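Thanks for coming. I have one structure to go through today, and I will take it piece by piece.

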Amino acid sequence: MIDLSFTLNGAPVSQRVEDRTSLADLVREGHGLTGTHVGCEHGACGACTVLVDGEPARSCIVLAAMCEGRAVTTAEGLVDDPVMAELRRQFHDKHALQCGFCTPAMMISARDIIARHGAAAPATIRKELAGQICRCTGYAPIVAAIAAAGAALNPSSDAAAAAPHVAATAAGASDAS
Amino acid sequence: MRPAPFAFARPDGLADALSRLGADDDAMPIAGGQSLLVLLGLRLAGAETLVDVTRIPELCGAREADGAVVFGAATTHAMIEDGKVPDPSRGLMRRVAGRIAYRAVRNRGTIGGSLALSDPAADWCPVLIALGATYDIVSAGGARQVAAEDFADGAYSTVLEPGELIRSITVPVLQEGTRWGHAKHARKTGAFAESIAVVVKRPDGVRAALGATGSHAVLLPSVAEAVASGGDVAAAARADIAMADPDADAYRARCHLATILNAAREVCA
């Protein structure tokens with residue numbers, strides 16, 4: 001067992017955990033935060049994605065003990081987040097979920113995509129979502145929902161919707177000198 | 001799926017980490033854990049003790065020094081992708097970092113951890129070989145420098161001895177007039193690569209490297225010579241592939257040929 005002090009959805013937590021306990025098991029079984037879904041348990045499906053210090057991480061391949069001093073945020077901790085509110089609205093409107101198993105982590109990843117890319121183009125969203133597996137929707141409505149949320153949250157960035165992807169391609173293809 | 005029990009150690013600095021790693025044959029360093037925790041969970045790897053190296057100051061961040069950038073081994077892929085550390089490579093390392101696995105993995109996975117695991121499909125190995133990087137390896141007994149091309153000696157196998165740890169990676173700054181090409185083939189975004197080729201053309205010479213072979217990443221001497229002299233890159237690539245990945249089936253060999261030609265084309269564009 002090892003001592004662990006961290007912040008969980010804004011609240012300080014100090015406890016002892018078994019050294020091998022994953023962050024996913026800690027939040028689900030230790031704290032009842034079942035919005036974090038455990039699918040593959042080896043970092044392939046993305047369903048357990050949470051935020052560690054604001055950055056997406058796969059909680060099934062993060063040890064709870066690694067989170068000493070960190071701020072962990074699960075889907076439950078983002079209820080009042082304005083980007084998540086827009087994503088919820090768009091996921092509902094575009095029918096971007098069926099069974100819902102992938103949805104909390106899909107939305108956490110979508111929030112990060114919007115944070116880094118703004119009103120991202122569908123091609124960028126598809127590339128960025130490659131690590132989040134959905135077995136129901138075929139992804140099209142999820143991509144549409146994220147694109148709509150990104151556009152709604154970045155109203156003056158029609159050009160930005162296409163530019164990040166085009167700019168990245170152009171930079172990548174340019175010479176190195 | 002749970003790993004077998006282990007002790008998680010939070011060392012008090014580099015000396016403490018090295019002493020723990022040196023004293024216990026069943027102790028392993030862990031950084032982001034994005035591969036190791038999977039291997040432990042699947043019980044393909046085992047450790048009595050995991051020594052967390054992510055909070056050791058010498059392993060964190062990157063600094064410019066003497067015409068090179070020195071990356072702490074615990075620098076994450078995302079830090080490189082986002083340009084939060086200096087880039088010696090005129091954009092090559094940022095592109096490579098941004099194509100490793102998925103963002104959630106890049107936020108935690110580290111350059112040193114990737115090198116130490118030496119997965120045959122790892123992205124950094126061929127890139128750092130082509131860039132002429134050197135690795136600073138430390139143990140309780142001292143330090144040594146190893147050239148990138150001399151570091152791995154097989155799939156999941158390196159020259160690291162028990163008790164040794166990669167402290168930093170030194171990448172020379174590419175001079176004015178240097179060009180690079182990089183091509184990676186994978187079935188889908190973020191999947192393990194089926195071939196990775198990198199060509200760096202400096203004013204004073206060319207280095208080319210191939211990754212995602214059946215073993216470890218290697219230099220491609222014939223391709224480098226062909227790019228430097230304007231020769232037949234395809235013929236050179238076929239010769240080098242036969243040497244670099246002798247067990248490649250027809251599909252894999254064609255993947256290698258395609259990535260080498262694309263990387264060479266980008267250099268010469």
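This is a predicted model: local features need pLDDT of at least 70, side-chain atom pairs count only at pLDDT 80 or more; totals for chains, interfaces and linings use all residues.

On the α3(A) side the contact uses A:M106, A:A110 and A:I114. On the α5(A) side the contact uses A:I142, A:I146, A:A149, A:G150 and A:L153. Sorted by class, the residues in this contact of α3(A) with α5(A) are seven nonpolar, one polar and no charged.

Next, helix α2 of chain A, residues 82-93, against that helix α5. Here the packing angle is about 135 degrees and the axes are 9 Å apart. That angle makes α2(A) oblique to α5(A). The crossing of α2(A) and α5(A) is right-handed. From α2(A), the residues that meet α5(A) are A:V83, A:E86, A:L87, A:Q90 and A:F91. Their counterparts in α5(A) are A:I142, A:A145, A:I146, A:A148, A:A149, A:A152 and A:L153. The contact of α2(A) with α5(A) has 10 nonpolar residues, one polar and one charged.

What about α2(A) and α3(A), at what angle do they pack? The angle is about 120 degrees, with the axes 10 Å apart. That makes α2(A) oblique to α3(A), and the crossing of α2(A) and α3(A) is right-handed. α2(A) contributes A:V83, A:M84, A:L87, A:R88 and A:F91 to the contact. α3(A) contributes A:T103, A:M106, A:M107, A:I108, A:A110, A:R111 and A:I114. By class, the contact of α2(A) with α3(A) comes out as nine nonpolar, one polar and two charged residues.

One item from the strands of chain A. Strand β3, residues 49-52, and strand β4, residues 55-58, run antiparallel and are joined by four bridges. A:V52 has A:E55 in β4(A) as its bridge partner. The hairpin of β3(A) and β4(A) has two residues between the strands, and A:D53 takes a positive phi near 50 degrees there.

Now chain B. Its domain assignment gives domain 1 as 7-52, domain 2 as 57-172 and domain 3 as 182-268. For domain 2 and domain 3 of chain B, the C-alpha centres lie 20 Å apart. Across that pair, 25 residues of domain 2 are in contact with 25 residues of domain 3.

There are two sheets to describe in chain B. One is an open sheet of three strands in the order β1-β3-β2, with parallel pairing. β1 (7-9) and β2 (27-30) of chain B are at the edges with a single partner strand each, so one side of each has no neighbour in the sheet. On average, neighbouring strands of this sheet are turned by 25 degrees against each other, direction ignored. β2(B) and strand β3, residues 49-52, of chain B run parallel and are joined by four bridges. Within that pair, B:P29 stands opposite B:V51 in β3(B). Helix α1(B) packs on this sheet and touches β1, β2 and β3 of chain B, its direction making about 145 degrees with that of β2(B).

The other is an open sheet of five strands in chain B, ordered β4-β5-β10-β6-β7, with antiparallel pairing. Which strands stand at its edges? They are β4 (62-65) and β7 of chain B, each with a single partner strand, so one side of each is left without a neighbour in the sheet. From one strand to the next the twist averages 25 degrees.

Two pairings inside that sheet. Strand β5, residues 68-72, and strand β10, residues 165-172, of chain B pair in the antiparallel sense over five bridges. B:F71 stands opposite B:I169 in β10(B). Strand β6, residues 134-139, and strand β7, residues 142-147, of chain B run antiparallel, joined by six bridges. B:T134 has B:A147 in β7(B) as its bridge partner, and a hairpin of two residues joins β6(B) to β7(B).

Last, helix α1 of chain B, residues 14-23, lies across β6 and β10 of chain B and runs at about 120 degrees to β10(B).

Conventions:
Residues are numbered from 1 along each chain as its sequence is written. Chains are lettered from A and ligands numbered from 1 in the order in which they are written. Side-chain values use heavy atoms; hydrogens and water are left out. Contact means heavy atoms within 4.5 Å. Ala, Val, Leu, Ile, Met, Phe, Trp, Tyr, Cys and Pro count as nonpolar, Asp, Glu, Lys and Arg as charged, and the others, Gly among them, as polar. Two strands pair if DSSP finds at least two bridges between them. Domain bounds come from an automatic or database domain assignment. Axes are lines fitted to C-alpha atoms, for helices over the stretch in contact, and angles run from 0 to 180 degrees between N-to-C directions. Angles under 35 degrees count as roughly parallel, over 145 as roughly antiparallel, 65 to 115 as roughly perpendicular and the rest as oblique. A crossing is left-handed if the near helix is turned anticlockwise from the far one by less than a right angle, and right-handed if clockwise.
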